[in-house]
Structures are given as structure tokens and as C-alpha cells.
Amino acid sequence: MRRGPWLWTAALAAYAFLYLPLTIVVIYSFNDSRLNAEWVGFTWHWYHDLFHDEDMLIAAGNSLLIASVASLSATLLGTMAGLAIHRYDLKLLNFMVLAPVAMPEILLGVSLLLFFIQVLNLTLGMLSIVLAHITFSIGFVAVIVRAQLTSIDESLFEAARDLGASPWETFRYVTFPLILPAVIAGGLMAFTLSIDDFVVTFFTAGVGVQTLPLRIYSMIKIAVTPEVNAVSTLLMLLTLCMIVLASRFAPDVLKGKT
Amino acid sequence: MALLELRNVTRRFGDFAAVDDVSLSIEAGEFFTLLGPSGSGKTTILRMIAGFEFPDAGQVLLDGKDLADIPAEKRPIHTVFQSYALFPHLTVAENISFPLRMAHREPADIRQHLKDALEQVHLDAKAGKFPHELSGGEKQRVALARALVNRPRLLLLDESLAALDAKLREEMQVELINLQREVGITFVFVTHAQAEALALSHRIAVINRGKVEQVDEPARLYGFPRNRFVADFIGQITMIPAQVEQVGHGHLHLKVDGLGEIVTPLQQGVAAGDRGVFAIRPEQVRIGVQAELAELKNHFSGEVLSLLYQGDVSVYRVGLTNGTMIEALLPNSAPGRAELFKVGAEIRVGWRHDAGVFLHE
């Protein structure tokens with residue numbers, strides 16, 4: 001098909017719409033001015049400030065800890081769910097695992113809040129945030145793992161058993177190595193989702209615990225300072241690295257080529 | 001005692017009986033083939049022997065012992081899958097040693113067996129390669145080596161040559177025959193390709209709609225098919241409606257409407273008055289001028305309707321005076337000549353009195 005100039009223009013406009021705001025944030029994070037108005041000059045000043053902001057560092061530490069624990073747990077549970085869905089072709093399980101992925105975040109946040117407080121009688125804090133993040137990440141991991149499983153020739157599993165491998169050995173030596181890229185990609189996705197989640201975290205954090213997105217939100221309630229631009233830029237960089245890494249581990253899955 | 005025995009085995013999928021009361025007996029050291037069209041149930045039989053499917057009724061016995069409670073991984077039976085099913089994350093050497101590792105053999109033992117297996121299939125140079133770096137024939141050899149490396153009692157091959165191109169397939173057929181003779185392991189081969197079955201097997205079971213139609217050696221199966229399905233499925237054959245007129249000494253006399261009498265060898269279970277078809281292979285039919293065919297018991301007038309030149313042979317289609325059509329296969333012994341008889345030529349058709357077979361309706 002010949003691609004006309006209109007198609008190029010439309011594509012360019014779409015990309016500009018998506019990336020221009022992000023680019024502006026990145027540029028102003030290096031701007032030597034308190035105001036996000038005009039370019040004055042280049043500076044590392046705001047990054048320097050950032051790394052001496054005690055509250056910010058604590059929030060970043062919390063976010064990293066939550067994302068690590070939540071993504072590891074979600075990877076384990078999501079992988080198991082993906083295997084079960086593939087193996088037993090359970091429509092209901094499939095639906096139940098995937099529903100949190102599609103559910104509006106605010107709904108998930110409110111219902112988790114009610115669940116933690118009224119049913120579990122849990123004091124909101126790190127634990128409740130981690131549990132909430134695991135909840136919405138499992139589905140993503142399960143989808144990626146399952147997509148990888150469907151792309152694997154079923155006769156490989158039969159061949160393993162045929163050649164003397166017990167069900168556990170089949171998993172250990174054949175299934176797991178073959179889905180490992182998807183498991184890693186799923187884990188990285190879960191990490192990305194966790195570290196920049198705001199809505200669900202907002203409802204389940206309670207008082208006292210701050211994560212990076214919560215801290216950014218409380219800062220811009222006053223003004224969009226260059227410091228916010230700087231921390232946003234760093235967060236963007238981290239997320240980007242994770243996504244690039246994930247797509248390297250499971251290129252087919254993330255391109256929807258299965 | 002037979003190595004493997006199927007006793008009245010039935011396997012249903014819903015209302016459909018994929019395998020319907022099948023009994024087979026396979027001897028140690030045999031190259032046994034299950035031949036049938038797709039959907040005939042031959043693969044289901046193979047999967048029941050391997051342990052991936054279980055019979056709804058009947059028994060599968062190995063050395064006289066029922067396999068019903070023995071899972072696939074505990075059976076001394078290995079399979080070469082149609083897709084080869086090589087583990088893509090393992091090298092050739094790791095693939096081949098997989099069954100040895102699963103059997104928890106000593107490392108030194110594994111190394112020795114691996115070395116022997118690689119030599120046997122001429123893949124020493126490819127030991128460190130991954131499956132995606134191999135050609136179709138090499139993949140096939142790896143799959144064979146992997147399935148044979150720890151000496152199963154039985155090797156199952158599921159349409160294992162189907163993915164290869166024609167030339168390579170022929171080479172692999174020869175290799176397969178030699179390999180089987182070398183290792184002395186019983187092979188059970190599943191295929192829908194009749195030529196392959198005839199070339200490879202000691203015995204063939206023709207499977208159709210979940211039932212066994214005939215079990216025989218290739219030459220007997222080809223020469224004396226028991227029914228119309230077998231006759232039609234294996235090789236080319238012409239069938240002419242006929243009625244048994246007289247059962248003579250060593251011969252049957254058949255009457256064909258509008259043509260006359262045909263003499264064919266005596267068969268068991270055929271009585272005067274039976275209706276059916278006279279079936280004859282194209283290479284048994286000769287065509288020529290009157291004098292050449294005079295000594296043959298059966299000869300008739302006909303007209304050349306069409307001819308297919310195939311290089312080594314030409315297939316002539318001849319219309320007989322009663323309107324039926326018969327095929328004759330002639331070797332092209334004179335180089336550079338495509339046709340010995342022109343389309344439309346009036347000729348004689350004949351065959352020996354011991355050619356052909358009578359088949360009931």
C-alpha cells in the first residue's frame with residue numbers, strides 16, 4: 001500500500017499529541033527558572049534539590065520497595081494463574097483473573113479500601129498498598145504468560161513425558177524455560193504498573209506512607225515546580241527502561257504476535 | 001507372545017468411535033505400519049500405545065501386561081512426533097540426552113550413549129546447534145536419535161516423514177529401514193502415504209473409520225486386497241462390475257455384462273452367483289495389437305481414451321466395448337517417445353489368467 005502524505009501527517013499529529021507534553025516536562029526539568037514559562041538556561045539544580053529532599057527520598061524508597069515486593073508476588077501468582085488457565089481452559093478463572101485489569105481503577109481502589117478496613121480490619125499502610133498492587137498486577141502477568149504458552153507447540157510437553165519426564169520434571173526442564181521470557185516480561189510490567197500507580201495507591205495508602213506518585217500529587221497541589229518535572233523525568237526514564245527490557249525478553253508477546 | 005497386543009480396543013470422543021473394537025498383535029523386531037486416511041483413527045491408536053489416550057474399552061498389553069495404569073513417562077515406549085517436538089531451548093546434544101537425564105543415568109553413561117547416538121545418525125558435527133539451526137532432515141534425525149537413545153522396547157513414529165520434501169523423504173525411508181535393522185527395536189509407524197507404508201513395513205494394518213480392514217505383508221496387501229476399500233486405498237486399481245459364473249479348478253470364471261468372460265485366480269469364500277467387482281492393477285494390464293496378446297486368457301477390444309506421460313511410465317486409459325474404462329501402465333523403454341499408442345487408436349487389451357482379484361460388493 002502506498003502511504004500518502006495525509007497518513008504521515010495524521011501519524012505525526014498523533015505522536016506529537018502523545019509525546020509533546022512528556023517532552024516539555026523533560027525540557028523544563030533542566031530549566032534554570034522557578035517558572036514553567038520560558039527557557040532561561042540549562043541546570044542540574046532541580047535534580048540536586050531532589051536528591052537532598054528527605055521526604056522525596058523516603059517516598060522513592062517506599063515506591064521501590066512496594067514495586068519490588070508486589071511485582072515478585074504478582075509474577076509468582078500470575079504465572080501460576082496463566083498456567084492454570086492454559087492447562088484447564090477455565091473460562092471463569094480466566095475472567096476472574098483478567099477482570100481487575102479491565103476494571104476502572106477508582107472502583108478497584110474503593111473496593112479494596114472497604115475490604116481492607118471492614119473485612120480484614122487492616123491498618124492501611126505498606127502492607128495494604130502491596131496487597132492492592134499485587135491484585136491488579138496478577139492479571140497482566142497471567143495474560144502474558146498465557147499468550148506465551150499458547151504459542152508453544154503442545155507436543156513439546158507430550159514429548160517430554162513420552163521421554164520419561166514426570167509432570168514436575170516436564171515443568172522444570174521444558175515448560176518453565178520456555179515461558180521464562182514471558183515470566184520476566186510480566187514481572188517487569190508488574191513493576192512498571194506498581195511504581196507509577198496513583199489511584200489505587202491513593203485509596204489504600206492511608207496516612208503516613210507516601211509513594212512517589214502520591215508525593216508528586218501533593219507537590220503539584222501547590223504548584224508545578226521544576227522539582228516535580230525532575231522527579232517525573234526520572235520516573236519516566238525508569239518506566240521506559242522496564243518496558244524496553246520487558247519487550248526484549250518477550251518481543252512476540254508484547255507485539256501481540258502470538 | 002507378541003510384544004504389543006491390542007485387545008478389542010475402543011476409544012470414543014462423544015458419540016464418535018475414533019477407534020472401534022480394534023485388535024492387533026505386533027511382534028518383537030517388526031516394522032509395523034498403521035495405514036489409513038486422515039481421521040481413520042490410526043493416530044488415536046498410536047496415542048493409546050504411547051499413553052496419551054486411554055481406551056474406553058479393551059486392553060493395550062506390552063509383554064502381556066496391561067498398560068492401563070502406567071502413565072506415558074513410565075512406559076518403555078518413545079515417540080517421534082510429526083512436528084519432531086524438539087525442545088527449542090536445548091541443543092542437539094541436550095535434546096538427545098534428555099531421556100537419559102530423565103532416567104537418572106550416570107553422567108559418564110550419558111556421555112557414552114550420547115556419543116553413540118550422535119554417530120549413529122551422523123550428527124557429531126551438529127551437537128552444539130539448536131533445533132532452529134537444523135534442516136528438516138537433521139531435525140528428523142535428532143528426533144529419531146532422542147527417541148532411541150535409551151533403547152525403548154517400542155518406537156512409535158507419527159507421520160514422521162510427512163514434513164520432508166519428496167527427495168529427502170526417500171532418503172530418510174532408506175535410513176529408517178537401515179536404522180531399524182541396526183537397532184532391532186520394534187517400530188510402529190503411522191502414515192497416510194501408502195507408498196511409504198509399502199516401502200518400509202514388514203506388515204501393514206489398513207485402518208478405516210476406526211476399524212482394521214486388513215493386516216498383511218506389503219506384497220500380499222497390494223496383490224490380494226481383501227475388500228474394495230483396501231484395493232482402492234493402496235495403489236491404482238481398475239474395478240469392473242462382475243458376477244461369478246463358475247468356480248473352477250484353481251480359477252474363477254467371471255461374467256462381465258457386454259464384455260464376456262474373465263478368468264481370475266480362485267479365492268476363498270466366493271461362490272457362483274456372487275456379485276462384486278473384478279479389480280486389476282494397471283501394471284498387470286497389457287495393451288497391443290491382436291497377435292501380441294493372443295496367448296493371454298483374457299483379452300478384449302478397446303480404444304485409447306487418454307494417456308498420461310510420466311517419464312518412466314505412461315498411463316493409458318482404455319475404453320472397453322461395454323463402456324467401462326481400464327487403466328494400463330506401460331514402461332517407456334524407448335527413449336524420446338512419449339506414446340506407443342495414439343489417443344483414439346483401436347487396440348487390444350489383455351491380462352494373464354492369474355492377474356486381478358474378485359471383490360464382493
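Two residues are in contact if their C-beta atoms, placed from the backbone, lie within 7 Å. By that rule, the contact takes 15 residues from chain A and 16 residues from chain B. On the side of chain A that touches chain B, two elements give two or more residues: α7 (155-162) and α8 (167-195) of chain A. α7(A) gives the most, with 6 residues. The residues of this side divide into 7 nonpolar, 3 polar and 5 charged. Here Ala, Val, Leu, Ile, Met, Phe, Trp, Tyr, Cys and Pro count as nonpolar, Asp, Glu, Lys and Arg as charged, and the others, Gly among them, as polar.

This is a predicted model: local features need pLDDT of at least 70, side-chain atom pairs count only at pLDDT 80 or more, and totals for chains, interfaces and linings use all residues. Residues are numbered from 1 along each chain as its sequence is written, while chains are lettered from A and ligands numbered from 1 in the order in which they are written.

Stay with α8(A). Its 29 residues would reach 42 Å as a straight helix, yet its end C-alpha atoms are only 36 Å apart. (The expected span is 1.5 Å times one less than the number of residues.) α8(A) bends by about 50° at A:Phe176, and A:Pro177 follows within four residues. The bend is the angle between axes fitted to the seven residues ending there and the seven starting there.

Now turn to chain B. Chain B holds 8 helices and 20 strands; these are DSSP runs, helices H or I of at least four residues and strands E of at least two, numbered from the N terminus. Its C-alpha trace spans about 75 × 50 × 35 Å along its principal axes. Of its 361 residues, 38% count as buried, with 20 or more other C-beta atoms within 10 Å of their own.

Look at strand β6 (residues 77-80) of chain B. B:Ile77 and B:Thr79 are buried on one side, B:His78 and B:Val80 on the other. In a regular strand the side chains alternate between the two faces of the sheet. β6(B) runs parallel to β7 (residues 154-158) of chain B, joined by 4 bridges; pairing needs at least two DSSP bridges. B:Ile77 stands opposite B:Leu154.

Next comes the largest nonpolar core, with 99 residues. Such a core is a set of buried Ala, Val, Leu, Ile, Met, Phe, Trp, Tyr and Cys residues joined through C-beta atoms within 7 Å. B:Leu156 is one of those with the most contacts inside it. Among the residues that B:Leu156 touches are B:Ile49, B:Ile77 and B:Val188.

Definitions and conventions. A residue is buried if 20 or more other C-beta atoms lie within 10 Å of its own, exposed if 12 or fewer, and partly exposed in between; C-beta atoms are placed from the backbone. Lists of a residue's contacts leave out its neighbours within four places in sequence.
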